[in-house]
Amino acid sequence: MSATADHAEERTNPAARLGFQPEQVVQEIGYDDDVDQELREAIEEVIGSDLVDEEYDDVADAVVLWFRDDDGDLTDSLVDATTFIEEGGAILLLTPKTGRDGYVEPSDISEAATTAGLSATKSVSVGKDWSGSRLATPKAAKSKK
């Protein structure tokens, strides 16, 4: 595939735009019947397999976390999600957009991410009802001499 085609796919496929790669194992947490099915299908198309669920007991390359305001403590959910992920992996935190049931304040997301030891790398609109925040886990210390 040419670089031009790669860039075109990144613009049209939200999963590619979010950094998902072929052959990644992506664990999905917080699935319910209100999630964005098109985004789920786009991620599966990019990775070339189904998303694994909360029962998956191995390490994933990335986590998709659907979170609504009434789902409990966001910090706890993020800390739990980091236990399932490869070091240096990413968590895609998906929350309802402003005005939707379950909306989460951006300041709450920022505070929870920081408390959980994550850093926000980008925020994106991922559908008509959901916003995404890509959160990075700390990379291994690079001080190997």
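How many of the 12 residues of strand S3 are buried? In this predicted model, local features need pLDDT of at least 70 and side-chain atom pairs count only at pLDDT 80 or more, while totals for chains, interfaces and linings use all residues. Residues are numbered from 1 along each chain as its sequence is written, and side-chain values use heavy atoms, with hydrogens and water left out.

**View 1. Strand S3, residues 85-96.** S3 is mostly covered, with 9 of its 12 residues buried. Buried means under 20% relative accessible area, exposed over 50%, and partly exposed in between (1.4 Å probe, protein chains only). Helices (H or I, at least four residues) and strands (E, at least two) are DSSP runs, numbered from the N terminus.

**View 2. Strands S2 and S3.** S2 (residues 60-66) runs parallel to S3, and 6 bridges join them. Between S2 and S3 the chain passes through helix H4 (residues 74-82) in a right-handed β-α-β crossover; right-handed means that, with the strands pointing away from the viewer, the path from the first strand over the helix to the second runs clockwise. Two strands pair if DSSP finds at least two bridges between them. Leu65 has Leu93 in S3 as its bridge partner.

**View 3. Strands S3 and S5.** S5 (residues 130-136) pairs with S3 in the antiparallel sense over 7 bridges. The bridge partner of Pro96 in S5 is Trp130.

**View 4. The aromatic pair.** The structure holds 1 such pair. The ring centres of Trp66 and Trp130 are 4.8 Å apart and the planes stand at 80°, so the pair is edge-to-face. Rings of Phe, Tyr and Trp (its six-membered ring) pair if their centres lie within 6.5 Å; planes under 30 degrees apart count as stacked, over 60 as edge-to-face and the rest as tilted. Trp66 in S2 and Trp130 in S5 are 64 residues apart. Trp66 counts as buried at 1% relative accessibility, and Trp130 counts as buried at 3%.
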